[in-house]
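Thanks for coming. I will show one structure and then go through a few places in it.

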Amino acid sequence: MRLCASKAVLAVLAFLVLLAPAGAPLAEPLRIESWRSDDRDIWSGVIIPAFNKRYPDIAVKFTPSPPREYDASLNARLAGGTAGDLITCRPFDASLKLFKAGHLVALDDLKGLARFRDVARAAWRTDDGKVTYCLPMASVIHGFIYNRRIFEELKLSVPKTVSEFFATLDKIKAQGRYTPLAMGTADQWEAATMGFQNIGPNYWKGEQGRRQLVSGDARLSDPPYVATLAQLARWRPYLGRGFTAQSYADSQTLFTLGRAAIYPAGSWEIANFRKLADFPFDAFPPPVPDGAQDCYISDHTDIGIGINAASTNRKQARVFLEWMTTKEFATLFANALPGFFPLSDHKLVLNDPLAQTFLNWRQMCKSTIRNSYQILSRGTPNLENEIWNVSAQVINGTLSPRAGAEKLQQGLAAWYPPHRR
Amino acid sequence: MSIALTGHAVERGREGPGRPPRRVLALFLLPAVAVYSVFSIYPLLATIALSTRKTNAAGLSEFAGLANFIRLFFDPNWSDAFWNALANNTLFFVIHMAVQNPIAIALAALLSLPGLRARAFYRTAIFLPATLSVVIVGFVWQLILSPLWGVSEGLMSAVGLGGWFAPWLGREGSALVVLSLMSVWQFVGIPMLLIHAALINIPDDLTDAALVDGAGHWRIFWTIKLPLVAPTIGLVSILTFVGNFNAFDLIYAVKGALAGPNFSTDILGTFFYRTFFGHQLQAGDPAMGAAVATVMFVIILAGVAVYLLAFQRRLKGSNP
Amino acid sequence: MRRAGGIAVHAALAGYCVLALAPIVLVILNSFKTRRGLFGDPLGLPDEQTFSIAGYLKVMQGSDMGLYFANSLIVTGVSLVAVALFGAMAAWALSAYRFRGRAALGLFLAIGIMVPIRLGTIAIVQMMAGLSLVNTLGALVLVYIAQALPLAIFILSEFIAQIPRDLPDAARCDGVGETRIFFAVILPLIRPALAIVAIFVMVPIWNDLWFPLILAPGEETRTLTLGVQQFIGQYVTDWSAVLAALTLAIVPVAALYLALSRQLVRGLTAGALK
């Protein structure tokens with residue numbers, strides 16, 4: 001009789017054991033870790049089938065995590081030894097940390113790596129430049145997407161300078177039917193990424209300014225940064241009602257429903273907007289400050305891919321990466337995901353005209369990357385977090401552009417030696 | 001603690017059965033105590049231990065004493081965020097105490113009125129939000145409060161209050177209050193149910209005499225029933241305290257780990273998450289995260305201790 | 001006079017019910033509308049122009065909601081059974097027997113009510129990694145059992161304390177073994193309390209976002225709450241799909257609650273948790 005209790009306990013325990021994974025199947029597919037859950041259909045429907053045409057024996061599975069939770073959950077899985085074979089790499093320090101912790105393998109012997117520009121590789125190699133640990137995949141370009149129907153209706157032309165930009169915004173606002181600029185500050189990163197990093201390179205002269213920040217020869221409190229924030233502050237009257245509570249998704253919806261004229265954008269929006277909007281839209285690069293000769297764009301190296309050091313399929317993973325350096329992959333990827341621009345030197349034809357427009361800016365303007373990504377976000381307080389906070393506050397009007405720039409500089413100087421001199 | 005439970009001598013209790021065989025005792029206690037110790041107590045102890053360590057220049061973990069706590073309390077890069085989160089968390093708790101519990105008591109009192117019709121319906125409807133996930137709660141209220149889609153503004157205009165509408169979730173001064181109220185909306189059913197149960201368990205003879213004396217329900221509630229359910233209200237308060245000081249989900253779902261605007265909605269749970277797991281380009285710092293967790297642990301224990309002391313003292317006072 | 005009071009009471013309660021239910025109704029209502037219908041008039045009923053079930057179709061095709069639902073059901077169900085069984089056994093041992101260290105053990109178990117297990121996440125992740133349980137449902141079940149046991153034991157002890165001593169004693173006189181007494185006499189008696197435990201344990205487990213995110217974020221082990229969160233992240237601008245996913249997430253737990261609520265109130269009013 002006493003047995004019945006032990007039996008019940010045993011039954012529950014047995015059930016728990018059953019929940020543990022069954023033995024590994026014979027041919028484990030390569031698993032790709034990624035935060036691009038939006039792209040799941042494209043990977044499983046287009047890219048992987050194309051790979052399998054060439055390599056039918058290597059099964060591949062794209063297993064993305066939600067973008068916001070990617071880093072935390074990837075780290076947990078790497079620590080637990082259950083992460084996928086291929087790991088999508090954030091640029092710079094996040095991946096450098098993974099490499100230093102021994103989670104990523106060196107890729108310098110990858111033949112196709114030679115086809116990638118130095119700028120692209122810079123995002124995924126050690127500080128001394130000796131080891132590359134992720135294959136560059138794509139960059140994204142910032143600019144402004146606008147509703148062509150509204151522009152035609154209001155007889156607006158595409159603004160080239162900052163004054164023209166604000167004149168255009170004034171006209172839209174005066175007409176009163178449309179929100180001039182579709183952006184909110186609720187999620188903060190819109191203000192930082194689509195605002196600060198979008199228009200800023202024109203003020204700090206792209207790479208030149210970014211390098212000076214890293215070397216300590218320029219300060220975040222210098223005029224270019226104050227001017228960037230000052231322009232953001234001037235956006236305020238043109239944003240939607242209650243923009244402080246407007247989320248990223250709200251902004252996207254506002255624009256794609258045809259209620260807003262201009263959307264401060266990243267090129268990754270193209271595919272989604274094509275699905276959602278029923279009006280023609282186009283894009284212009286960040287307007288240059290009046291009198292400036294050169295234009296600069298944020299052409300940010302955003303996605304790379306590396307091999308999990310703990311993978312039991314490293315050989316096959318290498319085959320996959322080698323394939324990812326080919327023109328075939330670059331063409332597939334760029335056209336399946338318009339707005340993500342491959343970083344190899346293959347000559348590509350893009351089917352999406354708007355994606356081609358963004359890409360053409362590379363010829364017109366000088367490219368740079370977001371200035372908080374390399375080295376400058378290694379300490380506490382974290383510069384990227386600070387830029388989110390300050391950009392949102394400056395737009396909200398709770399911080400003046402000058403005070404915002406001072407706050408950024410103070411935060412950086414608190415820990416970064418070149419700025420402590 | 002396994003020593004305690006397999007305890008050699010099983011005393012004979014006053015009303016208990018004869019000595020239960022040790023095997024029986026172990027069989028009954030072991031599964032619960034084992035799972036609980038391994039997956040709850042041990043991790044908590046490990047957190048406390050981790051908070052005294054740091055990663056040195058060579059990337060190795062070494063003992064750091066109280067250095068992490070000193071940084072947390074006195075290095076402005078950490079302490080500003082910490083005190084801000086603590087202050088916000090306190091406000092979060094105060095709003096729950098000031099809004100959730102009175103509403104819960106009021107609803108419970110109404111629900112406990114004798115002869116009330118549709119009681120089951122009301123009870124179920126009011127509790128229903130407590131069964132929803134924060135993903136849903138956050139999403140719905142953002143939609144309702146959004147200035148763009150006009151749900152709440154339209155409703156307010158309909159009753160002539162349109163001019164009072166503001167994007168509350170986006171303002172430093174009001175975002176945390178709104179989030180607290182969203183949380184109150186979701187969880188009010190739990191204290192309501194507990195207090196309701198306590199109220200209907202009050203024996204009728206205690207109130208009958210007062211009824212005969214002509215006292216109304218209102219008076220009976222204040223003078224007889226409310227004092228009787230005070231222990232339940234105390235229990236509800238401490239559960240609220242514990243729940244609020246490790247809250248995380250709702251703020252994270254609505255505002256993200258950076259808890260904007262300008263950290264005005266940052267509470268200890270989001271601060272812990274950001275510190276431990278990192279955020280965007282900010283690398284996670286497990287040891288500092290553990291220090292934050294340990295402080296949360298101490299705050300919660302202190303709150304519970306205060307409650308137990310106050311509660312027991314009062315019990316002693318009322319039942320000498 | 002009495003009637004007036006009655007009307008006021010019903011007005012207050014009904015008013016609050018509207019506040020409690022309206023947001024839920026809003027979600028369900030708008031899940032049957034097109035995107036334009038939703039944002040054109042969020043409060044309107046779906047009509048010929050705005051009615052659409054495209055959101056539901058998208059959810060069915062675009063995600064493994066069936067799998068997520070099964071995962072949630074398994075995790076919640078197994079945790080619940082284990083918590084109820086282990087909890088009742090421990091509660092019975094703690095209240096029925098006198099043994100040395102009993103009070104200390106009770107206190108030890110009470111810590112878990114006060115301190116959230118989430119604060120131990122770091123060690124839990126490492127331990128699950130060591131046991132190769134990361135990305136398994138088993139990891140979630142173990143954590144949820146540990147998390148829920150203290151409250152379950154607390155509730156059940158209160159309840160067991162009210163069982164008249166004569167019942168088990170009579171059985172003992174008839175020579176019935178201790179384990180049999182528990183399973184045949186005690187367990188059936190505490191059924192209403194188990195309903196309370198079920199509600200209080202089930203809801204947080206079903207809705208938990210933290211541990212699925214940390215311990216089992218994999219495709220195969222995703223729970224419904226995490227799956228919906230992820231789906232929202234993925235189709236953030238596809239509002240009808242998001243609302244359909246939310247509706248599908250509301251329904252099961254609300255149905256379970258409705259099914260248990262009668263037992264729940266019986267349990268509450270029968271004296272547990274005074």
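Predicted model: local features only at pLDDT ≥ 70, side-chain atom pairs only at ≥ 80, totals over all residues.

I start with chain B. It is divided into domain 1, residues 2-50, and domain 2, residues 70-318. Taken over C-alpha atoms, the centres of domain 1 and domain 2 of chain B are separated by 34 Å. How many residues of domain 1 of chain B are in contact with domain 2 of chain B? Four residues are, and they meet six residues of domain 2. Between domain 1 and domain 2 of chain B, about 420 Å² is buried, and carbon and sulfur atoms give 84% of that area. On the side of domain 1, T47(B), I48(B) and L50(B) lose the most area to domain 2 of chain B, together 86% of what that side buries. By residue class, the side of domain 1 of chain B that touches domain 2 has three nonpolar residues, one polar and no charged.

Next, chain A, helix α11, residues 248-256. Among the buried residues of α11(A) are Y248(A), D250(A), L254(A) and F255(A). Just after α11(A), G258(A) takes a positive phi of about 80°.

S44(A) is found in helix α2 of chain A, residues 40-54. Is S44(A) buried or partly exposed? S44(A) has a relative accessible area of 46%, so it counts as partly exposed. The side chain of S44(A) reaches the backbone oxygen of R40(A) at 2.8 Å. An α-helix has 3.6 residues a turn, so residues three or four places apart point the same way. S44(A) and T63(A) are 19 residues apart along the chain, and their C-alpha atoms are separated by 9.6 Å.

The other serine is S52(C), in the loop between α2 (35-40) and α3 (54-62) of chain C. S52(C) counts as buried because its relative accessibility is 13%, and the cut-off for buried is under 20%. The side chain of S52(C) reaches the backbone nitrogen of A54(C) at 3.0 Å. Leaving aside residues up to four places away in sequence, S52(C) touches S31(C), F32(C), K33(C) and T34(C).

That is the end of the tour.

Technical notes. Residues numbered from 1 in each chain as written. Chains lettered and ligands numbered in written order. Heavy atoms only, no water. Buried < 20%, exposed > 50% of the residue type's maximum accessible area, 1.4 Å probe, protein only. Helix = DSSP H or I, 4+ residues; strand = E, 2+ residues; numbered from the N terminus. Polar contact = N/O pair within 3.5 Å; in protein donor to acceptor, adjacent residues only side chain to side chain. Contact = heavy atoms within 4.5 Å. Domains from an automatic or database assignment. Buried area = accessible area lost by both parts, 1.4 Å probe. Nonpolar A, V, L, I, M, F, W, Y, C, P; charged D, E, K, R; others polar.
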